[in-house]
Amino acid sequence: MNRILSSLLILLSLLVFAGTAFAKITLTLDRSEIRAHETFFLRVQVEDPATLNAGINLDFLPNDIQVRARQEFNNSIIINGQYRSQMGWDFELLAENAGTFTIPALSIGAERSKPFTIRILPEESGFDNPDSAKIKLRANLSDEEVYVQQQLIFTVRIYRSVVTRNQNITPIRVTNALVEQLGDNKTFNFIKNDKSFRVIEQRYAIFPQQSGDMVIEPITYSATILDDSNNSSPWQRSQLKPISLSTQKYTVKVKPKPEGAAEPWLPASSLELTAEWQPNNQTFTVGEPAQLDFIIKGSGLLKTQLPTVTFPMQDGITIYRDTPQYHQRFNRFGVNSYHLEKVVVIPSKAGEVSLPEIKIPWWNVETDQQEFATLEAKTIQVARSQKQVTQNTQQAVVPEQQKPAIEQAKKQEDKQQPVTTDSSEGHDYWKYASIILAVIWLMTLLLWFIKRNRKAVANDLSSQNSHTRAIDETPSHLKSIIKSAAANNAKSTEKRLNNWLKSQANLSHVTNIVQLEKYCRQTEQDPLANELQDLQQALYSADYQKPWNGQDLARLLPTLELDKNIDKSQGLPGLYESRD
């Protein structure tokens, strides 16, 4: 049995190791639309230098694809400040016939690729007789009918078999549409019957902005070529001949948004929502912020089309959002756009807390139906703050051996009745005791009134320098908070104030700044509460544009009144309630 288990473990380890080795070899093409008789490049990229040194055979290519050239590459590039190596081989290939060709899984050394498919389209029309023209101009559309704001790919190709000079091509002009060029021009060769054309390809993504007919105006290509007609004398110098070619005018039908389609209107080929905690093993504690990276990725959409998502209000958490970043990239399928946003999530209660589900409607242009990109609800486990844990363990405990004596004494106290006597001495005793107590009570009341009046007079006389005296009487750890606030240092003020709150035993229900703000509002200290709210917004709100000014907070902190008798039976104050 042990041998069997050992063999299974070894086999499982080999399978895991083999799985990590798979797909390290990647195969890519230089462009998406490839036609018969056109050259194209296949890149085979590896990760291990030993694989590059092992070399590669050509038997992995289908027989119907010719290899015109092969070149090894080994480059170092910098991505996000880090050096990365790119190594492998570039193959220039040519297919004379249309079809779909599959390259099986490629194995070189310890690396392996996945099967790879190459689709060859029929050759461009008008090339039955390649000698009919020395320069040709072609254009085509990916679709003849699209929805409003849906991506349309427009491709222009210039074929030339002679050397040209003074080349010029007019820019694309489209009515009521946004146009983006998809990367740089592609160059390759068209070869047929030993006749070779050099091809320049331009691709555009067009986004119509209103329904109806959209017109793509003709594009004109002009250049000069050498005139080598048979009528010219061999003794004469060749003359330059101007040429000019134009594409046809294209009219595209643009359909309006379908009835019943949800808002926002996002016609795309795909839409994805992802969210990742930073770091991935993030832990959650009451009052401590956690970062969530939120990403929207859309294919066939401009970055300006990506929506702004509203996070629903949820009990137990508050969410602060940074300013979103938008990017767009161009590939063989058109435009890919990205919405990147850093979100700060601050739990306000311990236990299980749920982050709500987020759904974005989008219209799938490939299936022509409504779909939803969904980010499922997440449940996180929130731990209590260290201060709450410490306070719960410091509750007074009565030893078991003392409980009977305490209960007996309490019963005797409840049953005790005042004793009456008929003696005159007893009556005199209670009479004198009552008089003495009354005199003491009256003297205490008089002293309280005198002290109160003196305090009011003193406060009036010292109103101009009360702030200075308050700071002088403030403990040193609170002085450091006031100093940070006076220096307009929001992060330092938040850190020092949170540390100070954790050391205040008489504020057991307050563990962070937002709970302190709630406490100040409960005790009618609204000016200080407003300054604490302004500090939180400066730290976490993306809409807070002005520099934070902590002068008022520094002035008000020494006036903080700690009311030990405030009602705590209702639990912790609501953390991060919605604010206008």
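Okay, let's start with two residues: Glu 33 is buried, and Arg 157 is buried too. Keep in mind that this is a predicted model.

So what do those two do with each other? Glu 33 and Arg 157 form a salt bridge, and their closest N and O atoms are 3.9 Å apart. If you look at where they sit, the pair links distant parts of the chain. Glu 33 is in the loop between strand E1 (26–29) and strand E2 (39–46), while Arg 157 belongs to strand E11 (residues 152–160), and the two are 124 residues apart.

How many salt bridges turn up if you search the whole structure? The search finds 18.

Glu 123 forms a salt bridge with Lys 192, with 3.0 Å between the closest N and O atoms. This pair also links distant parts of the chain: Glu 123 is in the loop between strand E8 (116–120) and strand E9 (135–141), Lys 192 is in strand E14 (residues 186–192), and they're 69 residues apart. Buried or partly exposed, what is Glu 123? Its relative accessibility is 23%, so Glu 123 counts as partly exposed. Lys 192 has a relative accessible area of 13%, so that one is buried.

Next pair: Lys 342 and Asp 293. Their side chains meet in a salt bridge at 3.4 Å, N to O. Lys 342 is in strand E26 (residues 334–347) and Asp 293 in strand E23 (residues 290–299), 49 residues apart. Lys 342 is partly exposed because its relative accessible area is 41%, and Asp 293 is buried because its value is 15%.

Now, over to the helices. The axes of H9 (residues 513–522) and H10 (residues 526–540) come within 8 Å and cross at roughly 160°. Angles over 145 count as roughly antiparallel, so H9 is roughly antiparallel to H10. The crossing is left-handed.

Who makes the contact? On H9 you've got Ile 513, Val 514, Leu 516, Glu 517, Cys 520 and Arg 521. From H10, the residues include Asp 526, Leu 528, Ala 529, Leu 532 and Leu 535. By class, the contact of H9 with H10 has 8 nonpolar, 3 polar and 3 charged residues.

Key: Residues numbered from 1 in each chain as written. Predicted model: local features only at pLDDT ≥ 70, side-chain atom pairs only at ≥ 80, totals over all residues. Heavy atoms only, no water. Axes fitted to C-alpha atoms, helices over the stretch in contact; angles between N-to-C directions. Helix = DSSP H or I, 4+ residues; strand = E, 2+ residues; numbered from the N terminus. Parallel < 35°, antiparallel > 145°, perpendicular 65-115°, else oblique. Left-handed = near helix turned anticlockwise from the far one by under 90°. Contact = heavy atoms within 4.5 Å. Nonpolar A, V, L, I, M, F, W, Y, C, P; charged D, E, K, R; others polar. Salt bridge = Lys/Arg side-chain N within 4 Å of Asp/Glu carboxyl O. Buried < 20%, exposed > 50% of the residue type's maximum accessible area, 1.4 Å probe, protein only.
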